[in-house]
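Colleague: Could you take me through this one? I would like to go over a few spots in turn.

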Amino acid sequence: MIAIIDYGVGNLFSAEKAFAALGADVRVTSDESTIRQADKIVLPGVGAFGDCMKNLEESGLIPVLKESVAAGKPLLGICVGLQVLFDGSEESPGAKGLGLIHGMVKKIQAPGLKVPHMGWNSIKVREPREKLDLFKGLSDKPYVYFVHSYHAVPEDKSVITATAEYGEQLTAAVACGNIQATQFHPEKSGDVGLAILKNFVEG
């Protein structure tokens, strides 16, 4: 069973619908026992970093999230669900992230381009591809859907599994142990996004 964490933010319905289309047993939940019973966890997120962290703290689900990750349970972060895995963000000074991956989330520097970075863009998947579960079977530069003004800058660049170009090189996806996360929205990325989610389900 895959648990999609409901902490009052995130486009939960579209993520649930995408997983259900793949035939996955998926539940949107804010219940600790359900999260503990889940085989895998999805952490969505939209809006401001600080608001997401505030909602997570108020939900009381941070301990069970960290406990699950420490136990080796696969976790997929999506959009701001990727960003909150880091230590903090320029968007919300003083708001602490989960600190599961070290680094900061920084404003996109794209002179002459509109920020937020919104719409379809290609990503470049890091080699060797066979070790990157989310991107198995995809083309070299698949197109996915983004909506964001900030991107993660990890201290350890080896955790970056995919990048996108938009004024600068942006972190499009990361992986660290049993944690994987995408800055883009796989649930809004058509067949490519479904293939990515299928890889998470089957990985």
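Colleague: What does Gly81 touch, not counting residues up to four places away in sequence?

Modeller: Keep in mind that this is a predicted model. Setting aside residues up to four places away in sequence, Gly81 touches Leu43, Pro44 and Gly45. The C-alpha atom of Gly81 is separated by 8.5 Å from that of Val42, and these two residues are 39 residues apart along the chain.

Colleague: Where is Gly81 found, and is Gly81 buried or exposed?

Modeller: Gly81 is found in helix H5, and with a relative accessible area of 0% Gly81 is buried.

Colleague: And Cys79, where does that lie?

Modeller: Cys79 lies in the loop between strand E4 (75–78) and helix H5 (80–83). Cys79 counts as buried, at 3% relative accessibility, and has a positive phi of about 60° although this residue is not a glycine.

Colleague: Let's switch to the rings. How many aromatic pairs does the structure hold?

Modeller: The structure holds three aromatic pairs. One of them is formed by Trp120 and Tyr145, which are edge-to-face at 5.8 Å centre to centre, with 70° between the planes. Trp120 lies in strand E7 (residues 117–122) and Tyr145 in strand E9 (residues 143–148), so this pair ties together parts that are 25 residues apart in sequence.

Colleague: Why does Tyr145 count as partly exposed?

Modeller: Tyr145 counts as partly exposed because its relative accessibility is 21%, and buried means under 20%.

Colleague: What about Phe146 and Phe184, how do they pair?

Modeller: Phe146 and Phe184 form an aromatic pair that is edge-to-face, with 5.8 Å centre to centre and 70° between the planes. Phe146 lies in strand E9, while Phe184 is in the loop between strand E13 (179–182) and helix H6 (190–202), so the pair ties together parts that are 38 residues apart in sequence. Phe146 is buried, with a relative accessible area of 0%, and Phe184 is buried with a relative accessible area of 0%.

Colleague: Which residues have the most contacts inside the largest nonpolar core?

Modeller: That core has 57 residues, and those with the most contacts inside it are Phe19, Leu43, Val84, Leu85, Ile123, Phe135 and Phe184. As background, nonpolar side chains tend to be buried together in soluble globular proteins. Leaving aside neighbours within four places in sequence, Phe19 is in contact with a set of residues including Ile2, Ile4, Val26, Leu76, Leu197 and Phe200.

Colleague: Phe200 again, then. What lies over the face of Phe200?

Modeller: Lys40 lies over the face of Phe200, at 5.3 Å from the ring centre.

Colleague: On to the strands. What does E13 pair with, and in which sense?

Modeller: E4 and E13 pair in the parallel sense over four bridges, and Leu75 stands opposite Ile179 in E13. Strand E12 (residues 169–176) and E13 pair in the antiparallel sense, also over four bridges, with Thr182 in E13 as the bridge partner of Ala173. The hairpin of E12 and E13 has two residues between the strands, and Gly177 takes a positive phi near 65° there.

Colleague: Which way do the residues of E13 point?

Modeller: Ile179 and Ala181 point one way from E13, whereas Gln180 and Thr182 point the other way, and all are buried.

Colleague: What order does the open sheet of three strands have?

Modeller: The order is E5-E6-E10, with mixed pairing. Strand E5 (88–89) and strand E10 (150–154) stand at the edges, each with a single partner strand, so one side of each is left without a neighbour in the sheet. E6 and E10 run antiparallel and are joined by five bridges, and Tyr150 in E10 is the bridge partner of Lys107.

Colleague: Last one: where is Thr34, and what does Thr34 touch?

Modeller: Thr34 has its place in helix H2 (residues 32–37), and at 14% relative accessibility Thr34 counts as buried. Not counting residues up to four places away in sequence, Thr34 touches Met1, Arg27 and Thr29.

Terms used. Residues are numbered from 1 along each chain as its sequence is written. This is a predicted model: local features need pLDDT of at least 70, side-chain atom pairs count only at pLDDT 80 or more; totals for chains, interfaces and linings use all residues. Side-chain values use heavy atoms; hydrogens and water are left out. Rings of Phe, Tyr and Trp (its six-membered ring) pair if their centres lie within 6.5 Å; planes under 30 degrees apart count as stacked, over 60 as edge-to-face and the rest as tilted. Buried means under 20% relative accessible area, exposed over 50%, partly exposed in between (1.4 Å probe, protein chains only). A charge sits over a ring if NZ of Lys or CZ of Arg is within 6 Å of the ring centre and within 35 degrees of the ring normal. A nonpolar core is a set of buried Ala, Val, Leu, Ile, Met, Phe, Trp, Tyr and Cys residues joined through side-chain atoms within 4.5 Å. Contact means heavy atoms within 4.5 Å. Two strands pair if DSSP finds at least two bridges between them.
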